[in-house]
Amino acid sequence: MTTTTDPSYVDPALINPRAVRLVQAFKDALARMRDEEGLTFEDLNVAADLLQRIQAATGVPLALAAMPLYSEIFQGGQDGYTPSEEVNSPTYIAGSPRIDNPGTLPMRPDEPGTPLIVSGRVLDGHGRPIAGAKLEIYHAANNGNYSGLFDDGVPTYNLRGHLFTDADGRYTFTTITPVAYADSHTMQVNGVPEAVAALGRSLYRPAHIHYEVHHADLLTPWRGEIYFKGDPVIPVDFVGGTLAPPALQADTVLHEDPEDIAEHGFQGPYRTMAFDFLLKTGTSPDTITPKAGPA
């Protein structure tokens, strides 16, 4: 780095043209909002203050605290493949235990909730199975809390695990059915309920299961959440009403036949969910037309 006593000197070698363009584009967008929507500097102060209070209450990075403002923008899948997220979830914890395929996510003996059997395949853009893909799987418990994030006595890897797809790209695991939840820490931040209501959103997130899919043939690992079709919370999701497009919503079936329940070893009704991941590999076409329903 060049040193100089001239205060007006800027080293050309350190200038990042992309950074310059992004800052200018951001300023232009703010100017349009000022002229067209009446944006004021006080509006920015109020928003920044609220985000800082959310960050202080939850401990998440400030960029993640702001996710409800922009999360839908950074979502892939416009090419026909399963939409992905470019934002890593703050609820992820590395080192989850491996489970069998078929297997069961680690859970407490008295884990509350309706049993759920999830199955599907991991396929490339040609519809061919991706064998040996690693699926990281985790979701919140019935009270909306994720294990390992708080000192609440819950085992660190409760409802967390990973498995590998079989030769046909199939995966199957048993867990409990997630429910819609609101983050208790965020809800208690002064101003959050009012801000959420002003945006026409709920304080709750729709029920979902987090996945990461890793395989050497994938262009990039897949990260995202799979939701439950028909969940009324989806269109008013705290994080954004379009974050769960139809391509990320899976059908579920409630099973109530006593013999069927007994055959599966459950004490009461259970649900099944089926979902296929369509992911891009080095040999996949740029765009595809997804087939309806899991194989």
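**Backbone, core and cavities**

Author: Just after helix 1, G38 takes a positive phi of about 75 degrees. Helices here are DSSP runs of H or I with at least four residues, strands are runs of E with at least two, and both are numbered from the N terminus. This is a predicted model, where local features need pLDDT of at least 70, side-chain atom pairs count only at pLDDT 80 or more, and totals for chains, interfaces and linings use all residues. Residues are numbered from 1 along each chain as its sequence is written, and side-chain values use heavy atoms, with hydrogens and water left out.

Reader: OK, what span does helix 1 reach from its first C-alpha to its last?

Author: It reaches 29 Å over residues 17-37, close to the 30 Å expected. That expected span is 1.5 Å times one less than the number of residues.

Reader: And what does the side chain of N16 do at the start of helix 1?

Author: One of its oxygens comes to within 3.0 Å of the backbone nitrogen of R18.

Reader: Switching topic: how many residues are in the largest nonpolar core?

Author: 42, and those with the most contacts inside it include Y171, F173 and F277. A core joins buried Ala, Val, Leu, Ile, Met, Phe, Trp, Tyr and Cys residues through side-chain atoms within 4.5 Å. Buried means under 20% relative accessible area, with a 1.4 Å probe and protein chains only.

Reader: Which strand gives the most to this core?

Author: Strand 7, with four residues.

Reader: What about cavities, how many are there of 30 Å³ or more?

Author: Two. A cavity is a set of points on a 1 Å grid over the protein atoms alone where a 1.4 Å probe fits but cannot get out, and lining residues have an atom within 4 Å of a point. Points are joined across faces, edges and corners, and the volume is the space filled by probe spheres set on them.

Reader: How much space lies in the largest cavity?

Author: About 80 Å³. Its lining includes E85, Y138 and R223, and strand 6 (208-214) and strand 7 (222-228) each supply at least two residues of it.

Reader: How does that lining divide by class?

Author: Four nonpolar, four polar and four charged. Ala, Val, Leu, Ile, Met, Phe, Trp, Tyr, Cys and Pro count as nonpolar, Asp, Glu, Lys and Arg as charged, and the others, Gly among them, as polar.

Reader: And the second largest cavity, what classes line that?

Author: Seven nonpolar residues, one polar and no charged ones; among them are Y146 and P178.

Terms used. On a 1 Å grid over the protein atoms alone, a cavity is a set of points where a 1.4 Å probe fits but cannot get out, and a pocket is an open set with protein on both sides within 12 Å along at least five of seven lines; lining residues have an atom within 4 Å of a point. A polar contact is a pair of N or O atoms within 3.5 Å; within protein, one must be able to donate a hydrogen and the other to accept it, and residues adjacent in sequence count only if both atoms are side-chain atoms. Buried means under 20% relative accessible area, exposed over 50%, partly exposed in between (1.4 Å probe, protein chains only).
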